[in-house]
There are 2 protein chains.
Amino acid sequence: MTRLAPEVSYKAKAYQALKQAILKMDIYTTPEPVMLDERALSDKLGVSRTPIREAIAMLEQEGLVKALPRRGIVVVRRTKAEIVDMIRAWAALESMAARLITTMARKRDITALRDVFKDFGSDRLPQDHIEEYSRANIVFHQALISLSESPVLVDMTDDILLHVRGYRQLTIGRKERIAASLPEHLAMIEALEERDTDLAEKLARDHTLRLADYVEAHGQELFA
Amino acid sequence: MTRLAPEVSYKAKAYQALKQAILKMDIYTTPEPVMLDERALSDKLGVSRTPIREAIAMLEQEGLVKALPRRGIVVVRRTKAEIVDMIRAWAALESMAARLITTMARKRDITALRDVFKDFGSDRLPQDHIEEYSRANIVFHQALISLSESPVLVDMTDDILLHVRGYRQLTIGRKERIAASLPEHLAMIEALEERDTDLAEKLARDHTLRLADYVEAHGQELFA
DNA sequence: GGGTGGCATCTGGCATGCCAGATCAGAGTG
DNA sequence: CACTCTGATCTGGCATGCCAGATGCCACCC
């Protein structure tokens, strides 16, 4: 028999709940800062303030919120420069993942990456189904990183995506970039299959760096 | 006048204190797991358990400790595979830093990197002053990342170094690697000065990947 | 003596209550 | 009418106390 799970604590539940809630809300659309209230949260979640506070301490460590002593807890808004910076770090991690994949992953797992985009093609263009393609895009990148079999790379990119995702509607939602995106992905998969380490690394890096450049150039309106 | 500082909370102080304490102790030398006790800590630090618990929640989020419900708080020990994995992520971040530096940093700041090793040379070999060189090594890598002017890269590598540093005595302390280390560093600085983006990136990546390979091959004794 | 059951005790999880800083409305003042 | 001062109130920070799970010692039984 397996040791039974030490059922999840309120702290962990509160952490998950708050994280989901923060990610779901569009913090960049409202002009005034989004505030959290410990007491209101403890009311709503039906637990005392203690586990709520511990969950908030974790979120603060993660950079999602910031506690202003005696003033409130505010959901952190990233500046454009910070988002660009994060995407660059993402590019670094993903290119390393690509490198590792060429040396360790199984051919069939690499090929399976194509399935993510099986609903798209010349007869069904990504730019005509932006929402759906954006989701496929995220899935692809996460699947790619997973193939590296590196838990650290997976965790770090998850952290980054967490923060970058707040922009997904607007950063990915540009037709010109989306049109270029699919062929780039397919080229990456090919390089991985060919075990061309340097090329795969370069393609992965440049693909994501292009997103960074794009946000840097066109992301201004998000921060008005 | 500037808004005066909201003096540091006990939570923050406890976090810093615990972090320092954990990093100072050599968790890999003792056979049995290192445990923390909330009440003992609150006694020793002169505060109640509440801020201690919040600090521990943050450390847990950071991956330094893990709370086992009703059993205790244990300082996490990394496996060799995890350390190797972290070093690979480090390599990814550092190569991206190198890339950015070639496009943005000032020449004089790059050249200043040489000062870190000014006490070493053919008349004073690194392998004869291992402790000192190890410190210079860390300083060099952190200074390098800083030059990228990317807060995200800096923070992420700081996190990684936090975990990897527990091994500093044994991973860096091999004469054969240290002898090769200094020339590699100098080659990196040269490539940066020459604004040779691809070369600098490659040198930075390979330099750190070699450390990963080294730990993978020779780090076994650490985990006996 | 080996094995078992139970209780004392230790540990983290959580609820609660008080405190001080921060804010803001409204009375009081020139 | 503008400004200031004050206190009611709101918010997070912290201390304290109780609870239940986990452990380990020890009396007890066969």
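In the predicted model described here, the surface near DNA strand C draws at least two residues from each of several elements: α1 (10-24) and α3 (49-62) of chain A, and α2 (38-45), α3 and β3 (72-75) of chain B. Among the elements of this surface, α3(A) gives the most, with three residues. DNA strand C is surrounded by 21 residues, and the closest of these are A:Tyr10, A:Ser48, A:Arg71, B:Arg39 and B:Arg53. Of the atoms of DNA strand C that come within 4 Å of the protein, 60% are accounted for by sugar and phosphate. Sorted by class, the surface near DNA strand C comprises twelve charged, five nonpolar and four polar residues.

Individual atom pairs give detail to this picture. A backbone N or O atom of A:Ser48 is placed 2.5 Å from a phosphate oxygen of DNA strand C. On the other chain, a backbone N or O atom of B:Glu38 lies 3.3 Å from a phosphate oxygen of DNA strand C.

The surroundings of DNA strand D were examined in turn. Here α2 (38-45), α3 and β3 (72-75) of chain A, together with α1 and α3 of chain B, each supply at least two residues of the surface near the strand. The element that gives the most to this surface is α3(B), with three residues. In total, 19 residues surround DNA strand D, with A:Arg39, A:Arg53, B:Tyr10, B:Ser48 and B:Arg71 being the closest. The atoms of DNA strand D within 4 Å of the protein belong to sugar or phosphate in 67% of cases, and the rest belong to bases. The residues of the surface near DNA strand D divide into ten charged, five nonpolar and four polar.

Backbone atoms of both chains approach phosphate oxygens of DNA strand D. In chain B, the corresponding distance is 2.5 Å for a backbone N or O atom of B:Ser48, and a polar backbone atom of B:Lys11 is 3.4 Å from a phosphate oxygen of DNA strand D.

The relation between the two protein chains was then considered. Two copies of a chain are related by a rotation about an axis and a shift along it. For this pair, chain B is superposed on chain A by a rotation of 180° with 0.0 Å of shift along the axis, at an RMSD of 0.1 Å. The two copies are thus related as by a two-fold rotation axis. Within the pair, chain A has ten helices and three strands. The elements of chain A follow the order α-β-α-α-β-β-α-α-α-α-α-α-α from the N terminus on, and its C-alpha trace spans about 55 × 55 × 30 Å along its principal axes.

The chains also contact each other directly, with 33 residues of chain B in contact with 33 residues of chain A. Of the interface residues of chain B, 100% are also interface residues in chain A, so the copies meet through the same surface. Between them, chain B and chain A bury about 2700 Å², of which 62% is on carbon and sulfur atoms. The residues B:Gln61, B:Asp85 and B:Met96 supply 19% of the area that chain B buries against chain A, more than any other three residues.

Six salt bridges are counted between chain B and chain A, including one in which the side chains of B:Arg205 and A:Glu201 meet at 2.9 Å, N to O. Twelve residue pairs are in polar contact between the two chains, with both residues at pLDDT 80 or more. On the side of chain B that touches chain A, at least two residues are supplied by each of α1 (10-24), α3 (49-62), α4 (80-104), α7 (151-164) and α10 (197-218) of chain B. The element that gives the most to this side is α4(B), with eleven residues. By class, the side of chain B that touches chain A has 18 nonpolar, 13 charged and two polar residues.

Definitions and conventions:
Residues are numbered from 1 along each chain as its sequence is written. Chains are lettered from A and ligands numbered from 1 in the order in which they are written. This is a predicted model: local features need pLDDT of at least 70, side-chain atom pairs count only at pLDDT 80 or more; totals for chains, interfaces and linings use all residues. Side-chain values use heavy atoms; hydrogens and water are left out. Copies are superposed by least squares on the C-alpha atoms of residues with pLDDT of at least 70 in both. Contact means heavy atoms within 4.5 Å. Buried area is the accessible area (1.4 Å probe) that two parts lose on being put together, summed over both. A salt bridge is a side-chain nitrogen of Lys or Arg within 4 Å of a carboxyl oxygen of Asp or Glu. A polar contact is a pair of N or O atoms within 3.5 Å; within protein, one must be able to donate a hydrogen and the other to accept it, and residues adjacent in sequence count only if both atoms are side-chain atoms. Helices (H or I, at least four residues) and strands (E, at least two) are DSSP runs, numbered from the N terminus. Ala, Val, Leu, Ile, Met, Phe, Trp, Tyr, Cys and Pro count as nonpolar, Asp, Glu, Lys and Arg as charged, and the others, Gly among them, as polar. A residue is near a molecule or strand if one of its heavy atoms lies within 4 Å of it.
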